[in-house]
Amino acid sequence: MGLKIGGRIEKVNGRELTYSEFAEKYMSQNQPVLLTGLMDDWRACKDWVSPNGKPNLHFFSTHFGKSKVQVADCGTREFTDQKRIEMTVSEFVDRWLHDGGAGGGSLLYLKDWHFVKEYPEYIAYRTPMDFSDDWLNFYLDKFHMHNDPDTYSERNDITCSDYRFVYMGSKGTWTPLHADVFRSYSWSANVCGKKQWYFLSPSQQHLVFDRNMKSSVYDIFAEVSQSKFPGFEKAVWWECTQEENEVIFVPSGWYHQVHNLEDTISINHNWFNGYNLFWVWDLLLKDYNEASEYIDDLKGCDDFEELCQRNLAANTGMNFYDFFIFIVRFAFANVVLLHTLAHVKNETSRKPSKALQHIYFNLESIRNVAVKMKPINTGVRQGVLLDLRKNLEDHSFIELCAAVRKTYELIHDQDETTPILLQCTNSVRSQVQSSEDLVAFINDALTKRGGAFSC
Ligand SMILES: O=C(O)CCC(=O)C(=O)O
């Protein structure tokens, strides 16, 4: 185990440290830093000519050269995004060096590289504490978001595997105006280089849409048609320069356009949790309505609903059914933790701990979304039953609970060693098939503090 990284390998008792050991050692001395030190290799040496580190392109070629990545051609628009080309990291680096040497050519921008997923042993950084309550990536570490045997492929498996990305691009590369996937939060850290960000508050988003609220402005610096986008001139932009080692937080629903002012490498994560879960449901509902309008002429066909859900998953990354399973699993996990913490602390007699309050909040937020889902035909397939008891026998679910618990311990500075309680009583509700069931399940848990469990 453990790949070698030039200049980064340390030895203990004559044995080389693995990546994870190196990261652990470094992190324990420097909590809560973001970078573990391995990432120093991502920057070429600083000197008086280039005081800020430049991307160490050679390092990427030699260590990760075979990785297949998505590269955006920043000069070519394709629908609402830039044209994407697949190539290896080595090819990308060769093109970068070649184009740069020739005085610039096509502006290629490596985006959405699932680096953490591809190199789990190589722990180059840790997610900053404030961004660590990450249900999206916890979930994708253990489960698939969308399981469709018809559209399943190895490629899909990789591209939908998580939302922890590395971006690399030369000066002049850029990202068109957009709001983030699932209307998640995102954070972006510059390993080296400099970015210019332009933000638009969600309360102004209508100003960058056409009259039918169907298409939005692609590039805020291009000629924007006044007749097509009548509100655009009134939009108020928030502007910010992000330097090396600085982190930007993008709240849910904020449209943004981003330009690399220098050769830049960044880490970009998307995530959501109990605080912005409602954004995900609101987006799904909006996208579902658009998907169903789009095939309106097929209304009345037996498989109309199925088709809408398929299109929704293809366009948005999940459908109602996927989202429902997601929130039920998180409701289950939070109930397991609620019971574990309440039991451990015997907290009935005093003010709940911060971690316990966090879990109450999560369950309330899931319940609020489930209440919103009730009047909608959520397409939850008949016969599919989510059973807490069955989940308690599933390793992936137990690991999900453990990941959530560990994060809350870190965030709230609590250190518990007791095992997670994994026993359900036979007499109480543990099955969920609809949003009504989910609301009732959470109500039960909140009134009985994890009611589905034996003490
Ligand atoms: O860094 C970039 O080019 C774009 C990043 C971005 O838009 C995001 O993380 O949401």
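In what order do the strands of the open four-stranded sheet run? The order is β7-β12-β9-β10, with antiparallel pairing. Strands here are DSSP E runs of at least two residues, helices are H or I runs of at least four, and both are numbered from the N terminus. Two strands pair if DSSP finds at least two bridges between them.

A word on the model. It is predicted: local features need pLDDT of at least 70, side-chain atom pairs count only at pLDDT 80 or more, and totals for chains, interfaces and linings use all residues. Residues are numbered from 1 along each chain as its sequence is written.

β7 (174-178) and β10 (238-242) are its edges. Each has a single partner strand, so one side of each lacks a neighbour in the sheet. Inside the sheet, β9 (residues 195-200) and β10 run antiparallel, joined by five bridges. Lys195 has Gln242 of β10 as its bridge partner.

Now the whole protein. There are 13 helices and 15 strands. Of the 455 residues, 38% count as buried, meaning that 20 or more other C-beta atoms, placed from the backbone, lie within 10 Å of the residue's own.

Note on methods: Buried ≥ 20, exposed ≤ 12 C-beta atoms within 10 Å, placed from the backbone.
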